[in-house]
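Hi,

Here is the structure I promised to pass on. Have a look at it first, and then read my notes below.

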Amino acid sequence: MKLLTRRSLPAIALPLLAVLFFAAVALSSVALRGLRIDLTESRLYTLSDGTQRILDKIDETIALKLYYSEQASRELPQFRLYAQRVRELLEEMVARSGGKLSLSVIDPEPFSEAEDEAAAHGLQAVPLGAPGQTLYFGLVGSNSTDGESAMPFIQPDKEAFLEYDVAKLISTLSLDQRPVLAVLSGLPTGPGFDPMAGRPHRGWVFDGQLAEFFELRRLQANPDSIAEDVDLLMLIHPKALPVETEYAIEQFVMRGGRLLVFVDPEAEAEPAPAMMDPTQLESTRSSNLPTLFAHWGLEFAPDKVVLDGRHALQVQPDPNAPPVRHLAVLGLGRDALNQNDVVSAELDLLHFASAGALSLREGATLKLEPLVQSSGSSVLVDAERVRLLSDPSLLQDDFQPGNSAYVLAARLTGKLTSAFPDRAGDGHLAESLSDANIVVVADTDVLSDRLWVQVQDFLGRPSYNVFANNGDFVYNAVDNLVGNADLIAVRTRAASRRPFERVEQLRRGAEQRYRSKADELQQQLDVLEQRLAQLQPDGDAGQAQALTAAQQAELLRFQDDKLRIRKELREVQRQLNAEIEALGAQLKLINILGIPLLLLLIALVVAINRGLRRRHAQG
């Protein structure tokens with residue numbers, strides 16, 4: 001007796017296939033643990049090389065705590081999708097850290113110990129619609145030496161910089177001490193004594209902010225060397241530096257140091273020297289690094305100022321006169337800022353004054369990435385014209401802009417060679433050890449308080465009223481440059497939300513048709529309203545006049561037309577919604593049935609192919 005027949009074979013095969021399926025799943029969960037394939041277009045789930053190197057260099061355990069209000073966000077589907085995206089990124093980093101990172105997700109429910117912990121870590125609670133209900137979504141990292149760093153609230157609109165921000169938090173916890181920021185300034189940016197007021201002054205606001213987070217080391221004028229432990233050198237208004245100082249700056253950069261330079265064709269914030277001839281002052285308010293800029297191929301004209309008709313701000317030089325537009329004082333919004341660089345992205349407004357222009361000479365080996373640009377309605381003029389200006393409105397005279405924008409701030413990257421080939425000796429480098437990373441800003445007034453913050457004393461302490469993002473711009477540049485090369489290499493990412501382009505295209509087309517039809521119908525309605533008003537004139541005492549039979553008939557006809565037109569308007573809107581819903585239903589049908597049908601088709605093709613082969617073998 002045969003144990004297996006054709007009828008009993010399916011009954012035995014199906015359970016056997018089920019057992020094999022579950023065994024394969026269990027085996028794959030063990031054998032393929034850690035194996036991931038990223039099929040997204042923008043490689044959303046693949047860590048940058050810089051992030052991976054940061055994870056590889058962790059020498060102590062770092063604990064990450066993600067405080068996420070799971071229950072409070074249940075009515076926010078879009079936010080929940082982003083929260084899942086953040087969690088997946090953190091889990092990927094933990095998986096790639098070799099056990100050096102740990103992650104715990106905590107729901108800080110109201111009146112719980114977890115909520116108290118979140119508040120103690122300085123996380124931001126966002127109020128929701130319901131009274132007393134708040135949303136936490138922040139990240140806290142801590143190392144074995146009680147070091148702590150936090151992201152108070154992980155903002156969905158900064159998704160492009162999510163990996164950078166998390167990598168920066170991890171990198172900060174891996175540092176043993178604060179980075180060293182050396183400052184060489186030709187302007188009174190730091191604390192000092194104000195001879196005009198006869199009392200000490202705190203210095204510019206940006207300077208005080210940097211001193212809180214970095215080891216600020218102020219260099220004396222014209223140094224001939226830069227210490228080895230300096231992470232970033234910040235040059236502010238370098239004027240007529242001696243050759244030895246420029247050589248020291250070059251060698252610092254070539255051995256791996258970072259450089260942030262603020263030059264200016266017209267430094268309005270520079271105080272006038274005492275007992276100096278005003279005619280001599282004209283040649284002292286510009287700054288430059290002539291030898292280094294020329295060798296790097298960076299073109300900067302220290303005697304030219306950018307005028308911008310589109311971004312010009314209104315100023316009031318005379319309190320008794322109305323404000324006027326100043327073509328050299330610029331308010332630069334998001335359209336003028338590079339949204340793909342962490343230094344300038346996510347900023348809303350920068351104020352520049354009498355700024356210069358930067359460009360690369362043809363044949364230069366460095367790469368220039370613009371951070372801030374003027375509009376196409378710009379032109380270069382002599383700095384002297386702006387310097388001696390008494391009425392800003394005079395800049396409008398003969399203002400004929402071209403059709404090209406000017407770079408006001410830029411990042412330079414690439415290999416460097418020495419601008420001093422005749423130098424030699426111990427420690428001299430003829431070529432940079434690694435790619436240089438330099439940020440150059442063609443304006444020093446961007447640092448001054450008057451362009452971005454108002455400072456007032458409140459009970460003996462300074463109170464700040466910020467009206468532009470200049471301080472954030474400077475801090476971003478310093479924070480990015482003092483980071484190690486791995487952090488700087490972390491790339492920005494596209495948003496994980498991918499719009500349905502076909503749906504949006506249909507929506508725009510339908511709305512365009514709707515708008516044109518609606519405008520036509522609205523014009524007919526306006527005409528009808530006017531004619532109805534003419535048929536219903538008021539009498540002398542505000543009493544309505546009696547209508548003739550013909551007028552009453554015409555009035556009824558107009559009212560019927562009005563109802564018909566309103567109905568047509570509603571029908572056009574209904575058709576618009578119907579088209580979009582139909583397309584959405586088609587997409588859902590494809591998503592739900594497309595893959596199963598495709599697999600079924602493949603199975604049928606395989607089955608038919610096997611049947612043909614079997615018949616061919618039997619024949």
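This is a predicted model: local features need pLDDT of at least 70, side-chain atom pairs count only at pLDDT 80 or more; totals for chains, interfaces and linings use all residues.

How many bridges join strand β15 to β16, and do the two run parallel or antiparallel? There are four bridges between β15 (residues 324–332) and β16, and the strands run antiparallel.

Strand β1 (residues 62–68) and strand β2 (residues 101–106) run parallel and are joined by six bridges. Here Lys-65 is the residue opposite Ser-104 in β2. To get from β1 to β2 the chain goes through α3, and this β-α-β crossover is right-handed.

Now the helices. As a quick reminder, the angle between the axes and the distance between them are what describe two packed helices.

The crossing of α3 past α5 is right-handed. On the α3 side the contact uses Tyr-82, Val-86, Leu-89, Leu-90 and Met-93, while α5 brings in Leu-162, Glu-163, Val-166, Ala-167 and Ile-170. Sorted by class, this contact of α3 with α5 has nine nonpolar residues, no polar ones and one charged.

Helix α5 has another contact, with helix α2 (residues 49–56): their axes come within 10 Å and cross at roughly 20 degrees. That makes α2 roughly parallel to α5. The crossing of α2 and α5 is left-handed. Thr-51, Ile-54 and Leu-55 of α2 make the contact with Glu-163, Ala-167, Ile-170 and Ser-171 of α5. The residues in the contact of α2 with α5 split into four nonpolar, two polar and one charged. If you put the two lists side by side, you will find Glu-163, Ala-167 and Ile-170 of α5 in the contact with α3 and in the contact with α2.

The last pair is helix α6 (residues 205–213) with helix α11 (residues 470–482). Their axes come within 10 Å and cross at roughly 35 degrees, and the crossing is right-handed. In α6 the residues are Phe-206, Leu-210 and Phe-213, and they meet Val-474, Tyr-475 and Val-478 in α11. The contact of α6 with α11 has six nonpolar residues, with no polar and no charged ones.

Over to you!

Cheers

Conventions
Residues are numbered from 1 along each chain as its sequence is written. Side-chain values use heavy atoms; hydrogens and water are left out. A crossing is left-handed if the near helix is turned anticlockwise from the far one by less than a right angle, and right-handed if clockwise. Contact means heavy atoms within 4.5 Å. Ala, Val, Leu, Ile, Met, Phe, Trp, Tyr, Cys and Pro count as nonpolar, Asp, Glu, Lys and Arg as charged, and the others, Gly among them, as polar. Two strands pair if DSSP finds at least two bridges between them. A crossover is right-handed if, with the strands pointing away from the viewer, the path from the first strand over the helix to the second runs clockwise. Axes are lines fitted to C-alpha atoms, for helices over the stretch in contact, and angles run from 0 to 180 degrees between N-to-C directions. Angles under 35 degrees count as roughly parallel, over 145 as roughly antiparallel, 65 to 115 as roughly perpendicular and the rest as oblique.
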